[in-house]
Amino acid sequence: MPTPLNASASTAGALFSNSTFEIPQFQREYSWQEEEVEEFWTDLQKNIDTDTYFLGLIILTEEGEQRKHVVDGQQRIVTLTLLATALFYEAKKRERSALADRIQADFLRSIDYDTDETNPRVRLSDTTDDQTLQIILDTGQISPNIDHNQAISKRINETYTYLRKHLDSDLRQDPFKRLGKWTEFLTNKVYFAVFIHPDPASA
């Protein structure tokens with residue numbers, strides 16, 4: 001008899017700050033086009049003043065105490081990571097260093113307490129696509145050397161460019177307060193339903 005899928009609610013901040021994510025080889029690559037990214041951005045922006053916003057179901061398997069393999073929800077996890085990266089670099093640009101540190105710690109990098117090294121919270125299975133993502137995380141810019149035959153890397157760059165452009169426009173009304181509002185919203189008010197599958201082999 002199959003095990004019922006019992007999901008628990010988690011804020012995006014709690015989920016990301018307590019996990020690192022890897023996309024297994026068998027998962028499809030990042031595939032969101034501008035239409036999906038626009039819907040993602042518009043829905044978040046429209047609901048930024050609400051107490052809670054539900055971003056859907058995430059299915060994971062555990063590969064160690066913190067490391068999770070993403071069975072379902074890759075598109076939202078990667079896109080949210082790109083939005084958090086855009087927020088991080090906007091906060092740094094506008095000298096909100098404490099806010100930038102919070103975004104980086106919660107959403108972008110975990111720390112190894114034994115070595116003091118930091119590691120990205122999200123890694124992709126394909127080496128080239130992961131390099132594209134890590135360049136954005138490390139620099140806040142897309143790679144100028146992108147091979148346009150690499151469709152997935154191209155989509156990742158296009159998504160980041162879209163989010164960075166629209167976030168910049170959104171912040172113009174009051175950059176200081178909007179950065180704080182966006183960070184609080186993503187950290188404490190955006191929720192996932194999270195199911196951690198007990199059996200990685202059958203997930």
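Reply: Contact here means heavy atoms within 4.5 Å. This is a predicted model, in which local features need pLDDT of at least 70 and side-chain atom pairs count only at pLDDT 80 or more, while totals for chains, interfaces and linings use all residues. Residues are numbered from 1 along each chain as its sequence is written, and side-chain values use heavy atoms, with hydrogens and water left out.

Me: Is L186 buried or exposed?
Reply: The scale is relative accessible area, with buried meaning under 20%, exposed over 50% and partly exposed in between (1.4 Å probe, protein chains only). L186 has a relative accessibility of 1%, and therefore L186 counts as buried.

Me: Which residues have the most contacts inside the largest nonpolar core?
Reply: A nonpolar core is a set of buried Ala, Val, Leu, Ile, Met, Phe, Trp, Tyr and Cys residues joined through side-chain atoms within 4.5 Å. The largest such core has 52 residues, and α3 gives the most to this core, with eleven residues. Those with the most contacts inside the core are L44, W182, L186 and F192.

Me: In what order do the strands of the open sheet lie?
Reply: Two strands pair if DSSP finds at least two bridges between them. The open sheet is formed by six strands with mixed pairing, and its edge strands, each pairing on one side only, are β1 (8–11) and β7 (122–123). The order is β1-β8-β3-β4-β2-β7.

Me: Which residue in β7 stands opposite E22?
Reply: Strand β2 covers residues 20–22, and β2 pairs with β7 in the parallel sense over two bridges. Opposite E22, the residue in β7 is R123.

Me: Which residue in β4 is the bridge partner of F21, and which one in β4 stands opposite I59?
Reply: β2 and β4 run parallel and are joined by three bridges, whereas β3 and β4 run antiparallel and are joined by four bridges. In β4, the partner of F21 is K68, and the residue opposite I59 is D72.

Me: At about what angle does helix α3 run to β3?
Reply: Axes are lines fitted to C-alpha atoms, for helices over the stretch in contact, and angles run from 0 to 180 degrees between N-to-C directions. Helix α3 (residues 74–93) lies across β2, β3 (53–62), β4 (67–72), β7 and β8 (190–197). The angle between α3 and β3 is about 110°.

Me: How are α3 and α4 oriented to each other?
Reply: The axes of α3 and helix α4 (residues 97–108) come within 8 Å and cross at roughly 160°. Angles under 35 degrees count as roughly parallel, over 145 as roughly antiparallel, 65 to 115 as roughly perpendicular and the rest as oblique. The two helices, α3 and α4, are therefore roughly antiparallel.

Me: Which residues of α7 meet α3?
Reply: The axes of α3 and α7 come within 11 Å and cross at roughly 150°, so α3 is roughly antiparallel to α7. On the α3 side, the residues that meet α7 are L80, L83, L87, E90 and A91. On the α7 side they are L179, W182 and L186.

Me: Which residues of α7 make the contact with α6?
Reply: Helix α6 (residues 151–171) and helix α7 (residues 175–189) pack at an angle of about 125°, with their axes 8 Å apart. That angle makes α6 oblique to α7. L167, D170 and L171 are the α6 side of the contact, and the α7 side is P175, R178, L179 and W182.

Me: Is E95 buried or exposed?
Reply: E95 is found in the loop between α3 and α4, and E95 has a positive phi of about 60° although it is not a glycine. Its relative accessible area is 72%, and so E95 is exposed.
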